[in-house]
Amino acid sequence: MMKGLLIPICLAACALAACAPVTQRPQVDDKAVAQEARKQRELALQDLAEDQSRLFRISYPILARGADLCAEDVHPAIGIRHGNLHSTPQEMREAASRVLGLTDKLQVIQVAAGSAAARAGLQARDVILAVDGKAIRAGDRAREHFTELLAEAAKARKSVELKLRRAAVEMTLAVEHERACAYPVLLHSADAINAFADGRQVIITRGMLRFIREDLELAVVIGHELAHNSMGHIRKLAGNQFLGTLLDILAASRGVDTQGLFGSAAAAVFSKEFEAEADYVGLYFTARGGYEVDKAPNFWRRMAAANPGGIQQRGFGASHPSTPERFLALEKIVEEIRAKKAAGRALAPEFKP
Ligand SMILES: [Zn+2]
């Protein structure tokens with residue numbers, strides 16, 4: 001009893017006086033602290049902008065060139081990432097206004113190479129004022145409003161007119177829209193190495209971006225998640241009474257805190273068959289996006305190594321394909337794609353008769 005009390009009593013004594021720091025350190029003034037805080041918010045913004053830029057640069061060609069694999073779920077797109085202050089996290093808005101010049105008006109942040117927007121001459125920092133003569137609302141619904149206006153305008157004509165402001169000059173550019181899969185690929189701030197599909201969008205964590213070593217690897221993950229959406233896996237699981245967001249555990253089956261990611265939304269793991277199908281169709285998305293998929297199996301092997309507990313023998317009954325089996329299956333898919341490319345055939349997955 002006495003022994004148990006000893007430590008708390010000692011800590012209380014420390015708190016009162018005896019354990020206060022005794023060194024004389026240099027002082028920092030409040031003004032410098034405020035300046036440093038500003039600098040750090042700026043760095044955080046740049047870091048986020050780099051991740052978003054990388055995700056868009058790699059995902060856009062996959063979404064556009066994979067349109068034929070997305071059946072009905074396609075929409076007109078021009079190949080820009082756009083936003084305004086309202087689409088920026090609250091704590092970064094001051095820095096975004098200062099560094100990126102964002103306001104409450106919709107602005108082009110990035111133009112995908114080779115896209116319709118690039119061909120028409122759109123540039124980052126162009127403010128988008130109107131689509132086919134219809135003004136875009138400023139504020140928190142600006143991005144959605146642009147998407148709606150573009151979809152409406154694209155129905156009528158192959159080319160839409162965008163009214164822009166570049167520096168202080170207003171101009172109108174004609175942009176021929178293109179088809180793209182209507183599954184936005186979004187960045188999630190979580191540190192876990194993970195990616196998700198919920199039937200409507202694809203979400204990649206910043207932890208995954210840190211794990212990725214080269215563009216191809218990210219293209220493989222995006223392809224896999226798109227395939228879950230395009231093949232209707234979520235709808236099929238929903239029929240199996242799973243509701244809410246679906247969790248796709250790519251790397252670590254342990255140590256992933258779904259609570260933090262989904263709140264109260266139901267999370268479910270895809271079935272083994274759906275995973276294998278997402279690997280198959282996903283590599284076609286990746287290949288169509290312009291990537292050499294030969295090294296894709298090795299990426300999944302690296303994921304397996306990051307989570308050795310997940311390496312199991314065939315038929316273990318896990319919801320995910322066991323990793324040795326997955327690796328071998330992927331090598332076969334790579335062979336199939338390589339043969340189609342060599343024969344000049346369309347890059348499309350085979351379906352059961
Ligand atoms: Zn999956």
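Mentor: A nonpolar core is a set of buried Ala, Val, Leu, Ile, Met, Phe, Trp, Tyr and Cys residues joined through side-chain atoms within 4.5 Å, and buried means under 20% relative accessible area, with exposed over 50% and partly exposed in between (1.4 Å probe, protein chains only). This is a predicted model, in which local features need pLDDT of at least 70 and side-chain atom pairs count only at pLDDT 80 or more, while totals for chains, interfaces and linings use all residues. Residues are numbered from 1 along each chain as its sequence is written, and side-chain values use heavy atoms, leaving out hydrogens and water.

Trainee: Which residues have the most contacts inside the largest nonpolar core?

Mentor: They are Ile204, Ile222, Leu283 and Phe285, in a core of 49 residues. Among the elements that give two or more residues to this core are α2 (30-65), α10 (272-288) and α12 (323-342), and the largest share, eight residues, comes from α7.

Trainee: What makes Cys70 and Cys181 a disulfide?

Mentor: A disulfide is a pair of cysteine sulfur atoms within 2.5 Å, and the sulfur atoms of Cys70 and Cys181 are 2.1 Å apart, so the pair meets the definition. A search of the whole structure finds one disulfide.

Trainee: Why is this disulfide called right-handed?

Mentor: The torsion about the S-S bond of Cys70 and Cys181 is about 95 degrees, so the disulfide is right-handed. Cys70 lies in the loop between α2 and β1 (74-77), whereas Cys181 lies in strand β8, so the bond ties together parts that are 111 residues apart in sequence.

Trainee: Are Cys70 and Cys181 buried or exposed?

Mentor: Cys70 has 2% relative accessibility, which is under the limit for buried, so Cys70 counts as buried; Cys181, also at 2%, counts as buried too.

Trainee: Why is the aromatic pair of Phe56 and Tyr60 called tilted?

Mentor: Rings of Phe, Tyr and Trp (its six-membered ring) pair if their centres lie within 6.5 Å, and planes under 30 degrees apart count as stacked, over 60 as edge-to-face and the rest as tilted. Phe56 and Tyr60 are 5.7 Å apart, centre to centre, with 35 degrees between the planes, so the pair is tilted. Both residues lie in helix α2, four residues apart, about one turn of the helix.

Trainee: What makes the pair of Tyr280 and Tyr284 edge-to-face?

Mentor: The centres are 5.5 Å apart and the planes stand 80 degrees from each other, so Tyr280 and Tyr284 count as edge-to-face. At 17% relative accessibility Tyr280 counts as buried, and at 0% Tyr284 does as well.

Trainee: How do you know how confident the predictor is about the chain?

Mentor: The value to read is pLDDT, the predictor's confidence in each residue, from 0 to 100. The chain averages a pLDDT of 85, and 81% of the residues score at least 70. Over residues 249-268, however, the pLDDT is below 50, and over residues 313-319 the pLDDT stays under 50.

Key. Contact = heavy atoms within 4.5 Å.
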